[in-house]
Amino acid sequence: MVPEDLAVWPGHFPGNPILPGALQVAWVMEAVSRWRGAHALCSIPLLKFRRPILPGQRLTIRLRSCRQPGRLDFELADGARILSVGRLDLERASR
């Protein structure tokens, strides 16, 4: 569930809260870290926000490996509704 008390809501946007894209990408990167270990984000060659993500909304992050090493596709969804999609170019984080 998307927390209803996030500090970003008042400024993004007053009276019409929408989850910022930067926070969406940060949550995807946390999911990548849990799945594959720490990685650094090199680039985002594809990013589409199809529908707003709202406070209290149920959110699923789906990750999918690509054939190209270091590339990963993701979806943020509420059930069958796709809310955001993207492609990330990653490299293993150095320690």
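Both Asp 89 and Arg 71 are buried, where buried means under 20% relative accessible area, exposed over 50%, and partly exposed in between (1.4 Å probe, protein chains only). The two residues form a salt bridge, with the closest N and O atoms 2.7 Å apart. Asp 89 lies in strand 4 (residues 81-92) and Arg 71 in strand 3, so the pair ties together parts that are 18 residues apart in sequence. A salt bridge is defined here as a side-chain nitrogen of Lys or Arg within 4 Å of a carboxyl oxygen of Asp or Glu. Helices (H or I, at least four residues) and strands (E, at least two) are DSSP runs, numbered from the N terminus.

The model is predicted: local features need pLDDT of at least 70, side-chain atom pairs count only at pLDDT 80 or more, and totals for chains, interfaces and linings use all residues. Residues are numbered from 1 along each chain as its sequence is written, and side-chain values use heavy atoms, with hydrogens and water left out.

Side chains of opposite charge can pair when their charged atoms come close. The count comes to 4 salt bridges. One of them joins Arg 87 and Asp 73, with the closest N and O atoms 2.6 Å apart. Arg 87 lies in strand 4 and Asp 73 in strand 3, so this pair ties together parts that are 14 residues apart in sequence. Arg 87 is partly exposed, at 27% relative accessibility. Asp 73 is buried, at 12%.

A further salt bridge links the side chains of Glu 75 and Arg 62, at 3.2 Å from N to O. Glu 75 lies in strand 3 (residues 71-78) and Arg 62 in strand 2 (residues 60-65), so the pair ties together parts that are 13 residues apart in sequence. Glu 75 is buried, with a relative accessible area of 18%. Arg 62 is partly exposed, at 34% relative accessibility.

The chain has 1 helix and 4 strands. Along the sequence, these elements follow the pattern α-β-β-β-β. Helix 1 (residues 21-36) contains Met 29. Met 29 is buried, with 16% relative accessibility. Leaving aside residues up to four places away in sequence, Met 29 touches His 39, Ala 40, Leu 41, Leu 88 and Leu 90. Contact means heavy atoms within 4.5 Å. Met 29 and Arg 92 are 63 residues apart in sequence, and their C-alpha atoms are 12 Å apart in space.

Contacts were also examined over the whole chain. Among those between residues at least 6 apart in sequence, 57% join residues at least 24 apart. Of the 95 residues, 33% count as buried.

The C-alpha trace spans about 40 × 30 × 20 Å along its principal axes. With 95 residues, a compact globule would have a radius of gyration near 12 Å; the chain has 14 Å, which agrees. This radius is taken over C-alpha atoms, and the globule rule is 2.2 Å times the number of residues to the power 0.38.

The accessible surface of the chain comes to about 5900 Å², of which 52% belongs to carbon and sulfur atoms. Accessible areas come from the Shrake-Rupley method with a 1.4 Å probe; for residues, only the protein chains shown count as cover. The chain carries 14 positive and 8 negative charges, whose mean positions are 8 Å apart. Lys and Arg count as positive and Asp and Glu as negative, while His and the chain ends are not counted. Each charge is placed at NZ of Lys, CZ of Arg, CG of Asp or CD of Glu.
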